[in-house]
Amino acid sequence: MFLVRSVLWLRRFSFSTGAAAEQAREVNGRWRSGSAQLRTRYAAVEPGVRECFVFSEFVPEEAEQEEATFEQRLQEERLQLERKEAVKRSIREGDGGRGRKTSLAARLQLPPHGEEAMAVLGERCSGCGVVLQCLDPAAPGFIPSKRSDGVCYRCFQLQHYQQALCVQLPTESFRQILRSLSSRPLPALVLLMVDLLDLPGSLFLPDLSELLRLGSNNRSPRPLFLLGNKVDLLPADRTGYLKCLRQRLLELSDAAGLPQPEGVLLISAKTGYGVEELITSLQRSWRYKGDVYLMGATNSGKSTLFNTLLLSDYCKSKAPEVIDRATISPWPGTTLNLLKFPIINPTPHRMFRRIERLKADRAKFKEDLSEEEQKHLNQLKKQGYLIGRVGRTFQCSNKEREKEIEFDPDLLSFTMEDDDDDDVHRAEPTTTAKRVEFTYNELKDAHWFYDTPGIVKEDCILNFLNGKEVKMVLPSQAIIPRTFVLKPRMTLFLGALGRIDYIQGDKSAWFSVIASNLLPVHITSLEKADEVYQKHAGNTLLGVPIGGEERMKEFPPLVPQDIKLEGIGTLEAVADIKLSTAGWVAVTAESGDKLCLQGYTPEGTTLMIRQPPLLPFIVQMKGERIRKTPVYKTKRPPSLISNVRSSESKRH
């Protein structure tokens, strides 16, 4: 009797296990047919969950429902992949036909109305910080499908095609973003980014003093650090010019009615000059008291500094691998919402290790650096006069990276059958690196560094230019000053964006142009100036704007403004004539010589007389005069790497 019961039990057992193995192979086939992303997501078995592919008699009741849900998810993944491919094809077709004028909505395959047309709640663009949505192509944060790679269509175009979509952030929306910071605990520090090429326009911003108080419960200004950016683009007109620039920046800040800053630093977010000093100042003075807000005008370089600090000692070691880089472009107003990363706590041990690294870096010669870093520094030397090396003391070790296990369900199923078939194999589970993420404890009491949207300047000339023209007007390389000598009744054109007429004076005067090297300068007589503008505006001779007569019909006309100056000597400029954000012209004349000038800028922009000039001795950088022309040869000063020892000191 016992023998019969044993035989019956073994038959039942083998039947059940065989069915379970067949079920496991079927599940495995469906598993492998899914996308790689879905396999990764459902690879690991959560602790405490019963496996539905071992014994059929132990399958939970909700298994059929889970299987149906699983099939539905597979189908959704396939549809999403097809949508992404369709969007990529539509983008390529739209870029290929540049001659065709098609709207953004027509070039993209918009999702149908209903559930597919809902905004992507809770997701933000990693490039500009705006909330993603798929309803309105003209609104910020638009994506062509419900899911994306984390960036909006506007950032995608900027990053891959250098094309800017006209998406504006209303002023009230900007205020609401800053008001949202009031929920954060006090205190907080403000880093006010100032474009040195646009002084004092970057300080005299609409309601700047009021914006600095937003989010403060007692309505008092927050502690302030003043950062003068793009110092690498300005040539040195004398020894100690950086000290004079810093003092000039502080004076203009007082004139703008801003609170007394706790520090004034000159930096280059692009080349890294002064960034290590900024980090040291913040860690010593501000330490870990609260959040830090980066504010400033549009196109002042805030997002570039955000990306630079993200790869420095100012953020947590995991941050560069968790947080995506901000989108940067010459187009003003790239950032549309808050971007942030967690600040590292500058403990004494970390400060000590950082100081030791900085000392070791300053002791190195350029030849001691790696070939890749030397190549990078040589490239930066072509772009700016001042370069700094930004390093990291603390790195995210490989041991801290989380890993997940990918396995084959067949390997975990139990069967009594023989494994002699060729298609059956035994392999060890493989591990794949997973994206590093912050834990709850790491961010529980963290303080954050925020990159805020830029404050829009209403009288900025960039508002009237397209993407290609903006690239020509905004300097991306070290500015080489161009000096011209003009007699009375002569005119200087700075592209078609500005014009200076030398109407009356006793002697010749020198005009030094500080503007983008791509912006052409043309000298003519006062009698021919109007004819030259009418004939060549929009064409190659004047350069910007671009597009001929059709482009100039929509471009605002030039508006004159009278200027009277008195020279103080041939070695020092008396004033700067600032032509909105296109650049400025430093005027130098004989001592006591009274000049009667007339300056022109497009209607809706501002012409400003800056006294004293920002670089008063810039005229001394001119080379020899080219024979029978009003033009002087240009000279480019050498570049300097701040935290690397020179080869000359190595010889001594």
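## The whole chain

The chain holds 19 helices and 20 strands. What you see is a predicted model. Of its 652 residues, 49% count as buried. Now consider contacts with a separation of 6 or more: residues 24 or more positions apart account for 77% of them.

## Stop 1

Select residues 188-195. This is strand E1, and 8 of its 8 residues are buried. Show the side chains. In a regular strand the side chains alternate between the two faces of the sheet. Here Ala-188, Val-190, Leu-192 and Val-194 point one way from E1. Leu-189, Leu-191, Met-193 and Asp-195 point the other way, and all are buried.

Leu-192 has Leu-226 in E2 as its bridge partner.

Step on to residues 263-266, strand E3. E2 and E3 run parallel and are joined by 4 bridges. The bridge partner of Leu-227 is Leu-265 in E3. Are the faces of E3 covered or open? Both are covered: Gly-263 and Leu-265 are buried on one side, Val-264 and Leu-266 on the other.

## Stop 1: aromatic rings

Colour the aromatic side chains. The structure holds 7 aromatic pairs. Zoom in on Phe-341 and Phe-449. Their rings are stacked, 5.0 Å centre to centre, with 15° between the planes. Phe-341 lies in strand E5 (residues 339-342) and Phe-449 in strand E9 (residues 448-451), so the pair ties together parts that are 108 residues apart in sequence. Both Phe-341 and Phe-449 are buried.

## Stop 2: helix H13

Select residues 371-383. Helix H13 has 13 residues. From its first C-alpha to its last, H13 reaches 19 Å, close to the 18 Å expected at 1.5 Å a residue.

Which residues of H13 are buried? Pick out Leu-377, Leu-380 and Gln-383. Turn the view to look down the helix axis. The buried residues of H13 fall within an arc of 110°, so they line one face of the helix. An α-helix has 3.6 residues a turn, so residues three or four places apart point the same way.

## Stop 4

Select strands E14, E11, E12, E18 and E15. In that order they form an open sheet of 5 strands with antiparallel pairing. Strand E14 (521-525) and strand E15 (558-566) stand at the edges, each with a single partner strand, so one side of each is left without a neighbour in the sheet. From one strand to the next, the twist averages 20°.

Strand E11 (residues 490-494) pairs with E14 in the antiparallel sense over 5 bridges. Leu-494 has Val-521 in E14 as its bridge partner.

## Stop 3: a loop residue

Go to Thr-540. It is found in the loop between helix H17 (529-536) and helix H18 (548-554). Is Thr-540 buried or exposed? Thr-540 is exposed, with a relative accessible area of 75%.

## Stop 6

Finish with strands E10, E13, E17, E16 and E19. They form an open sheet in that order, with antiparallel pairing. Strand E10 (482-486) and strand E19 (607-610) stand at the edges, each with a single partner strand, so one side of each has no neighbour in the sheet. The twist averages 25° from one strand to the next.

Last, select strand E16 (residues 575-579) and strand E17 (residues 583-588). These run antiparallel and are joined by 4 bridges. Ile-577 stands opposite Val-585 in E17.

Technical notes
Residues are numbered from 1 along each chain as its sequence is written. This is a predicted model: local features need pLDDT of at least 70, side-chain atom pairs count only at pLDDT 80 or more; totals for chains, interfaces and linings use all residues. Side-chain values use heavy atoms; hydrogens and water are left out. Helices (H or I, at least four residues) and strands (E, at least two) are DSSP runs, numbered from the N terminus. Buried means under 20% relative accessible area, exposed over 50%, partly exposed in between (1.4 Å probe, protein chains only). Two strands pair if DSSP finds at least two bridges between them. Axes are lines fitted to C-alpha atoms, for helices over the stretch in contact, and angles run from 0 to 180 degrees between N-to-C directions. The expected span of a helix is 1.5 Å times one less than its number of residues. The arc is that of the directions from the helix axis to the C-beta atoms. Rings of Phe, Tyr and Trp (its six-membered ring) pair if their centres lie within 6.5 Å; planes under 30 degrees apart count as stacked, over 60 as edge-to-face and the rest as tilted. Contact means heavy atoms within 4.5 Å.
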